[in-house]
Amino acid sequence: MEGQREKGTMSRSGDASRENERAGGGFTRRHFLEGTGAALVVAGAPKLRAVEVPDEGVFRQELGAVPRRAIRVTVNGTEHRMEVEDRWTLNELLRDHLGLTGSKIGCDRGECGACTVLLDGEPVYSCSTLAVWADGRAVLTVEGLERDGDVSSLQQAFMDHNAPQCGFCTPGQLMTATALLERNPRPTAEEVREAMVGNLCRCSNYNAIVEAVVAAAGTSKSGGAP
Amino acid sequence: MSRQQATGPVRPMNTVGHNVPRIDAYERVTGRATYTRDVRLPGMLYARVLRSPHPHARIRGIDVSRAEALPGVRAIITHETHQVVYGSGSIAGGRQYNDAAKDITKHRRYMFDNPVRFVGQPVAAVAAVNRHLAEAALELIEIAYEELPFVLDPEEALEPGAPPIWPEGNLALDYQNQPRPTGGRAGDPEAGFQAADQVFEDRYTTAFVQDAQMEPRCALAHWDGDKLTLYTPTQGISNCRHDNARDLGLDVHQVQVICKYMGGGFGDKNGSYYFDLIAAMLAKEADAPVLLELSRKDDWLGTHGRWHTVQDFKVGVKQDGTVTAIQLHAYSGMGPYLRRSGGISGTDAYACRNVERVIYPVHTNRMVSGNFRAPSDPQGYFAIQSMMDDIAYKLGMDPVDFALKNMRRPTEEDPFTSYTLEECIERGVELFDWERRRRPEPGSEPGPIKRGAGMAFMMFRSGVGPSSAIVRVDSEERYTLFVGVTDIGPGAKTTMALIAAEELDVQLSQVEVVWGDTDRCPYSVGESGSRTTTMTGYAVVEAARDLKTQIAERGMPQGDDVLIASATPTPSTEGRRRMVFGAHFVEVEADVLLGHVRVTKYVAVHESGRILNPLPAKDQIRGAVLQGVGQALHEDLLYDARNGQPLTAGYYGARHLTHLDAPEIEVTFIETDDGYGPYGAKTVGEAGIILAPAAVANAIFNAIGHRMKDLPITREKVLGTIV
């Protein structure tokens, strides 16, 4: 299974290590957070994690001066110019600051794919993508899949084939499948499985999800990012 | 009940029994479905929990002064400031939490405990204006721990001299607070073994499996005066409200529980959880709404999963294959608190009545065990049906013949409402082509890639019982159904609407469902034990019948008038056993040089009474089977024996199934109507997971000729067979 997972859609480079593969970058958030076995189970705050706890004064100073920068990002066709903290992930930007709560956080460490969005048409884990990296780029989320009030044929197929059970992984599954259909309008079931290996479903409704994607591929207006 | 009670074929119906997409499918595919974490309240704070890095330690001191001084931190709570009983976290005997259990339970768990007894146990919590600040504050809390000796293995935990996790020792306490094993004796096991021609003994073990729902647990608490509103993902809003009220010392009506869309259940969430209490206490302290979010790792180590087991079996058989006696001595690893029973099922599926079962639920310093979909079944069925499969081959019998000879059947003393197990097995044999796929000589295929076939069969209870429903109609013929269900995945809302539409003889689109809110909905049993369809669904039938009678007597309401009907039926099956049945047939391909096992064909035949909506019902089985395949081949939580640290927390570490690991599952339903439940519907949700570990393991034996006795059957274990 480990070998198969290395084909994850989030991977860009063929020869990166297994840890790096799943996180989509040269240096992994997961590795960083988990550290040694004895490290604590507190997630997040990677900047602070890596250092010895400083004295109070230093801490206050750092917190008072969280680096920020202005970015321009197009989300679901709307351009936003905003100031973001360097530490914000793309997922935080979308959920907490733009109110787009469709993209979920299942693990916040590049394992599950529930947070998948399209960045310039490519699926990325928004939990492992910094908001500043989206500067000058276009983001598509599940909220942006409907066109003129109509669901996409992929969304329709997901409804017809009962692809969501609890529905928590569904936004991520939809985004990866949308990108797949864009580059391969008629994938086989096996191609769907390979493309979507980075999107876990604990309801394990994998059969229905694959059936839905294959069915959508058989229709005229399959998937499609703007 | 006034229903016809003869088992018979199902009569076609208008709405029920057809493939119907969920009534909320649109919300689910557009990001409009609101989960607890998606709720935003004005002035809401974010909370994080600091957890123990030690498997067993006494807290000698906590210093929160530096964390408190951080601008933006609004509340910090610890065991020193808040001693709140977390009642449902540790219950004598492992029953549902209630007033009696709160009084009896000696091994009481608190929201924050001292000493801490497992890695991941909460020790402090912070609410701050954003989550980065909350996380930064955790880093500034200083805790002095005195590390204590720990124990991870259930058998070692019962040995003399093992580190005591509780003053009474490490054997969990029963309902009377006595350290006693569970189980029982039936018939005359000694006489059964004497009557046997051969006696077989073997040990099987199963691993801990995290429920691992995709939505990490969270809770959003908000006080309005002394009324608490709690948004929390729970499988049962009613139990959740009662549990939290009990622990917080509030009247039940002072607690409103709202469960929005929920990112998966899979068990032991029909009640409260400590993060509800922590969120409530932080919100009180900070005087603001508080959203407590668990990280994936918090969730993995800080909630629960299926108890791991060690099972020693002794089985006596006649030369013709008749089982004469079964003995099970077992250990269930429960972690340091008894959240659930630690039971082990499976012997009930056999006709042999000379049975002794002795099961020790044992405390260890691993994380807490609890219910996961069919809580005691997959681990039990894996062991006993591997054992019986092995005996069948040792006697030179086909496992199907052995099953048909020994499986339980109804008797005059022990009647069933309906019985289709034989039909399930026979249908499976035919659909799977058992004769062709099974190797009479296990492991006989030449070459390193070997195929083989295995099967397993089961029965599982499908209860009937009390639940409530309210239905209202207005002058525009809009029907509103109030049911206290949550929708954790199977589609309860849709099922309830289908039943109402059927009974009222109206279009599904005329029915609106109000759900998931204790202030708006009547009591429901909650989505555990696969009971919602059978119990709450039956209440919907009765309420709809009442409404129809009212409409017939008084006509449809006019203007602003409405008609309302409610029902709280308490049906019973008059002493008859109401069960669902199933048989699974699996073909695997095992590569003994690489250790890889691949499922190449999987046929699941089930009888769950009438299937109300085949579309999601099929996926309940398919998804459950795949979870079971994960339990068979992948999932585990390994600990470092040297320091008690968990090593494989998370989807990646536990090697959860991906799209590429998931074979296609073929599902067949045999439908019956036994006259109970709504239109003869029985349990579906849990039934599918029970057989996969046993059937996959038996197929691996048939392929490679080596009996795999320890779950998960990983690559190195398969490779180990060729050494």
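Start with burial: a residue is buried if 20 or more other C-beta atoms lie within 10 Å of its own, exposed if 12 or fewer, and partly exposed in between, with C-beta atoms placed from the backbone. Helices (H or I, at least four residues) and strands (E, at least two) are DSSP runs, numbered from the N terminus.

This is a predicted model, where local features need pLDDT of at least 70, side-chain atom pairs count only at pLDDT 80 or more, and totals for chains, interfaces and linings use all residues. Residues are numbered from 1 along each chain as its sequence is written, while chains are lettered from A and ligands numbered from 1 in the order in which they are written.

With that, helix α4(B): nine of its ten residues are buried, so α4(B) is largely enclosed by the rest of the structure. Among the buried ones are His132(B), Glu135(B) and Glu139(B).

Now chain B as a whole. DSSP gives 18 helices and 27 strands. The radius of gyration, taken over C-alpha atoms, is compared with a globule rule of 2.2 Å times the number of residues to the power 0.38. Chain B comes out at 26 Å, close to the 27 Å from the rule for 723 residues, so it is as compact as a globular protein of that length. The C-alpha trace spans about 75 × 75 × 45 Å along its principal axes, and 62% of the 723 residues count as buried.

Two residues are in contact if their C-beta atoms, placed from the backbone, lie within 7 Å. Of the contacts in chain B with a separation of 6 or more, 81% are between residues 24 or more positions apart.

Next, sheets. Two strands pair if DSSP finds at least two bridges between them. One open sheet of chain B has five strands in the order β6-β16-β15-β14-β7, with mixed pairing. β6 (182–186) and β7 (198–206) of chain B are at the edges with a single partner strand each, so one side of each lacks a neighbour in the sheet. β7(B) runs antiparallel to β14 (308–317) of chain B, joined by nine bridges; within that pair, Tyr204(B) is bridged to Gln311(B).

A second open sheet has three strands, ordered β8-β13-β17 (chain B), again with mixed pairing. β8(B) and β13(B) are antiparallel over two bridges, and Val209(B) has Arg306(B) as its bridge partner.

Last, Ile704(B), in helix α17 (692–704) of chain B. Is Ile704(B) buried or exposed? It has 24 C-beta neighbours inside 10 Å, so it counts as buried. Leaving out residues up to four places away in sequence, Ile704(B) touches Gly443(B), Lys450(B), Ala590(B), Val592(B) and Thr721(B). Pro557(B), by contrast, is 147 residues from Ile704(B) in sequence and 70 Å away in space, C-alpha to C-alpha.
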